[in-house]
Amino acid sequence: MSRLPSVPDRGFAQQVTMFVGVSVLAGLLLAGLLLPFVGAAGLSARSAAEGFQNIPGDLRQVPLAQRTRILDARGRQIAVLFDENRIVVPLSKMAKVMQQAIIAIEDARFYEHGGFDLKGTLRALITNTQAGDTVQGGSSITQQYVKNALIEAANGDEEQIRAAREQTVARKIRELKYAIALEEQLPKDKILENYLNIAYFGGGAYGVEAAARHYFNTSAADLTLPQAALIAGLVRNPAAYDPVDHPEAARTRRNTVISRMAELKMITPEQAARAKAAGLGLKIRPTRNGCANAQPRYNAWFCDYVTRLIETDPAFGATPEERRALLRRGGLTIRTTLDPTVQKAAYNAIVNRVYPTDRVASAMSVVEPGTGQIKAMVQSKGYGGTGGINYNVEHKYHGSQHGFQAGSTFKVFVAAAALQQGIRGDHTIFSPNSMTITEPYQTCDQPVRDTWTVSNELSSEHGNYNMAQALALSINTYFAQLEKETGICEPLKLAKAMGVKRGDGGEWRQVKSFTLGVNEVTPLSMAGAYATFAARGMHCEPYAITSITTADGRQLPVRRANCQQVLEERIADAMNALLKGVIEHGTGAGRANIGRPAAGKTGTTQDRKDVWFVGYTPQLSGAVWVGSAKTPFPLRYIRIGGRYWNDVCSGCLPAPIWKNAMKTALDGVPVQDFAPAPGDLIGNIFNTPQPQDTPPQPVQIQPQPVPPKPSDFSPFLPPQEPANPDCSMWWQLPQECRPPRDHDEERSDPLFP
């Protein structure tokens, strides 16, 4: 790469000419080469020659930095990452006219000299001095390649780069020695190929392939004469001849190249005339660098996750610097699991209900059961708008500091552990509205003996519930007692086996309120955990990368899903039956019903600081979170997505997001149902007899008027404030009135007979 001023120093040119003349008279070729620099440094020819012989002759040629491409599951490009936008191609894929143009303007005797062209240099100095411009190159193509190769070998080291560019005698002599040695090692065509791939042509384009795409939206193989001449003219001073910023200077320089080609009889005068008369014909196609420029833009967070996976994995380099260099300079092709249909569906579902400018944020991850492939990863905040926080993933991958409390979505692990221990789905527990528990709970370590007061949301929620009913209605006091029977350790082990991870990677909190989701987790790990139920107990670790291919075609090892059976099939089948009740009868009824078999669980944390819905079908599992990551606050009396909320609940915001995403993502996909649940595990779950000797009567839930279907709210419509709504009939105005709890949504039929 050469970025020297377009007008040479005439005094220096005359000085060099004089010294070359003295060298020729001396009859010493080597001295003739070195005397110009010797004179400038005040050295003798003899000492300079000895120093020349001591310079190593082997040029360190590192692989050229190339751009990395990230592709979705269909092979479509998501993003490009690079330090240097370069696509290396062989000489056979560079138009002949491109090769001729660069030789004509930079080194006309390239195929005749041996690394240094004394005659050509002298002629170039005289011609350029007379023209007052750099009409002909003074350094050979081999010398220019050496300079660029030294810069490339610096790998970003600023000190080495400065040394490779400094205008000193030592640097010129070193380049010359390398050039002479290189001519003995490589054929001319290979040197030309290397040069055309390494040179900088402005506009962020390194190498002729990237330049052809950038300036003309074509390939190096298909360049025309005017196009090739323009690109060749840029290499001497890309800034001065930039065709975008300086079109007339670029045209003049292009025509100079064409004239030189005609002078060397590479083209005919007629071809030269036509080429000079042609317009610049630019079709600028800038290459967008980095995840911030992912296409579509909502792929940015998934792209970011892919890059973090590589940057944090020692399999791709011993240090973070090595891994970053591989990612941004290695010319990788990274194929991923991202399904563009599912991704778009998830994104639209989120931003239709939670705007990027809202105080709160929403995130959704979708995982394929049985494979672990991450099909979607989106959030409401734009890339970079959250300070680089990806709310879907763990902190080590640039997720939030800790993750988010999971709320009642954790009740499923207690329920599954109970089934494993022989407790049936129709297991009935009298569950008061509020209770204080002083008995110890067994953990994986020492029992916890603190006093815990736990309450249900509604004062009417007390009585006899079985496991299905308690899951569907999210009865806290039922699960507080069921957890005492199972202990905390077994549900925790199960959650971990199913892939749940704390967002901060820290120690799990083994406390009595474990079942109410006091541990901070991530949407991605929750989507992966619930996918285990959908896959009949087979847990596959969520993964994003299917293959990584290097520039030279090698396959790098990538982390696999490591699928393992962590739950008996019959236990998973029973859980699917239990969790279908959440959508069909309970807290997700109506708002999460997608018209095909599905199961899931709502979750709301204390003070409604985080609200969740995690749901799945046999084909897809998705987790939706809504909250504030930086400074959590109660989601009350707040405007979200153009709507005013007195109180946000998991059934009325995350559940509809999940519903809209899954309905669209699964549109046209064959309907599948879950395997039948074994009767000996679930029993008669929707017909629980009243236990004897229990004074309180079972709660009777009467059919409620079916709320109207919520409309899709457009982010382009101005929000309307509620006009003093009558909230005594909450189901008539769910968007304006305070929902009584996180399972306030539509119930298509009564839960009890």
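Colleague: Which strand do the six bridges join to β18, and how do the two run?

Modeller: This is a predicted model, and in it β18 is joined by six bridges to β19, residues 610–616, with the two strands antiparallel.

Colleague: Is β18 buried or exposed?

Modeller: Buried means under 20% relative accessible area. Six of the six residues in β18 (599–604) are buried, so the strand is largely enclosed by the rest of the structure. Ala 599, Lys 601 and Gly 603 point one way, Gly 600, Thr 602 and Thr 604 the other, and all of them are buried.

Colleague: Okay, on to charges. How many salt bridges does the count come to?

Modeller: The general idea is that side chains of opposite charge can pair when their charged atoms come close. Here the count comes to 29 salt bridges. Take Arg 213 and Glu 209, whose closest N and O atoms are 2.9 Å apart. Both belong to helix α10, four residues apart, about one turn of the helix. Glu 209 is buried at 4%, while Arg 213 is partly exposed at 29%.

Colleague: And what joins Asp 504 to Arg 502?

Modeller: A salt bridge, with the closest N and O atoms 3.1 Å apart. Elsewhere, salt bridges with shared partners link Asp 83, Glu 84, Arg 86, Glu 152, Arg 324, Arg 328 and Arg 329 into one network. Within it, Arg 86 meets Glu 84 at 2.6 Å, N to O; Arg 86 is buried at 1% relative accessible area, and Glu 84 is buried at 11%.

How values were computed: Residues are numbered from 1 along each chain as its sequence is written. This is a predicted model: local features need pLDDT of at least 70, side-chain atom pairs count only at pLDDT 80 or more; totals for chains, interfaces and linings use all residues. Side-chain values use heavy atoms; hydrogens and water are left out. Buried means under 20% relative accessible area, exposed over 50%, partly exposed in between (1.4 Å probe, protein chains only). Two strands pair if DSSP finds at least two bridges between them. A salt bridge is a side-chain nitrogen of Lys or Arg within 4 Å of a carboxyl oxygen of Asp or Glu.
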